[in-house]
Amino acid sequence: MKQKKIPMRRCVGCYESKPKRELLRIVRTTEGSIVLDSTGKQNGRGAYLCNNPECLDKMIKGNKLSREFETTVLRETYESLVEQFKKLTKVDDSKSGGGAVE
Ligand SMILES: [Zn+2]
């Protein structure tokens with residue numbers, strides 16, 4: 001039996017190497033915006049993150065993306081990533097009645 005080699009990537013939060021498909025991809029697009037790449041196929045420089053809010057937290061607190069992408073990552077960029085992360089991982093916020101709170 002042939003064994004397939006599983007591509008491993010390192011999480012920018014905890015620095016553990018995990019199978020690529022278990023990680024979320026964050027990409028700095030050719031236009032310079034930083035987004036969560038839900039398709040895994042977007043062009044640009046990629047970073048990987050566990051599907052884990054703790055890693056997201058570590059990434060933000062340590063400003064890991066600035067280092068990873070060698071650029072300044074604004075707080076609002078991180079905030080936007082948190083929103084995308086929540087949507088992607090479908091965190092059930094049962095306490096809120098829904099809708100945007102200002
Ligand atoms: Zn991690």
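The model is predicted: local features require pLDDT of at least 70, side-chain atom pairs count only at pLDDT 80 or more, and totals for chains, interfaces and linings use all residues. Residues are numbered from 1 along each chain as its sequence is written. The chain has three helices and five strands, where helices (H or I, at least four residues) and strands (E, at least two) are DSSP runs numbered from the N terminus. The order of these elements, starting at the N terminus, is β-β-β-β-β-α-α-α.

- Of the 102 residues of the chain, 20% count as buried; a residue is buried if 20 or more other C-beta atoms lie within 10 Å of its own, exposed if 12 or fewer, and partly exposed in between, with C-beta atoms placed from the backbone.
- Among contacts between residues at least 6 apart in sequence, 49% join residues at least 24 apart; two residues are in contact if their C-beta atoms, placed from the backbone, lie within 7 Å.

**The three-stranded sheet**

- Three strands form an open sheet in the order E4-E3-E5, and their pairing is antiparallel; two strands pair if DSSP finds at least two bridges between them.
- Strand E4 (34-37) and strand E5 (45-50) are the edge strands, each with a single partner strand, so one side of each lacks a neighbour in the sheet.
- On average, and with direction ignored, neighbouring strands of this sheet are turned by 30° against each other; axes are lines fitted to C-alpha atoms, for helices over the stretch in contact, and angles run from 0 to 180 degrees between N-to-C directions.
- Helix H3 (residues 75-89) packs on the sheet, where H3 touches E3 and E4, and the direction of H3 makes about 10° with that of E4.
- Strand E3 (residues 23-28) pairs with E5 over six bridges in the antiparallel sense, and four bridges join E3 to E4, also antiparallel.
- Isoleucine 26 stands opposite alanine 47 in E5, while the bridge partner of isoleucine 26 in E4 is leucine 36.
- The hairpin of E3 and E4 has five residues between the strands, and glycine 32 within this hairpin takes a positive phi near 95°.

**The nonpolar core**

- The largest nonpolar core has 16 residues, of which Val12, Ile26, Tyr48 and Leu49 touch the most other members; such a core is a set of buried Ala, Val, Leu, Ile, Met, Phe, Trp, Tyr and Cys residues joined through C-beta atoms within 7 Å.
- At least two residues of this core come from each of E3, E5, helix H1 (53-61) and H3.
- With four residues, E3 gives the most to this core.
- Residues up to four places away in sequence aside, tyrosine 48 touches Arg9, Arg10, Cys11, Val12, Leu23, Leu24 and Arg25.

- The buried residues of H1 include Cys55, Leu56 and Met59.
- These residues cover an arc of only 105° around the axis, which puts them on the same side of H1; the arc is that of the directions from the helix axis to the C-beta atoms.
- The cover over the buried residues of H1 includes E5, H2 and H3.
- Exposed residues Glu54, Asp57 and Lys61 are carried on the face of H1 turned away from its buried side.

**Loop residues**

- Tyrosine 15, in the loop between strand E1 (8-10) and strand E2 (17-19), has a positive phi of about 65° although it is not a glycine.
- Tyrosine 15 is exposed, with 10 other C-beta atoms within 10 Å.
- Asparagine 63 follows H1 and is found in the loop between H1 and helix H2 (64-69).
- Although asparagine 63 is a residue other than glycine, its phi is positive, near 45°.
- Asparagine 63 is partly exposed, with 13 other C-beta atoms within 10 Å.
- Asparagine 51 lies in the loop between E5 and H1 and is partly exposed, with 14 other C-beta atoms within 10 Å.
- Apart from neighbours within four places in sequence, asparagine 51 is in contact with Glu22, Leu24 and Thr89.
- A distance of 8.4 Å separates the C-alpha atoms of asparagine 51 and phenylalanine 85, which are 34 residues apart along the chain.
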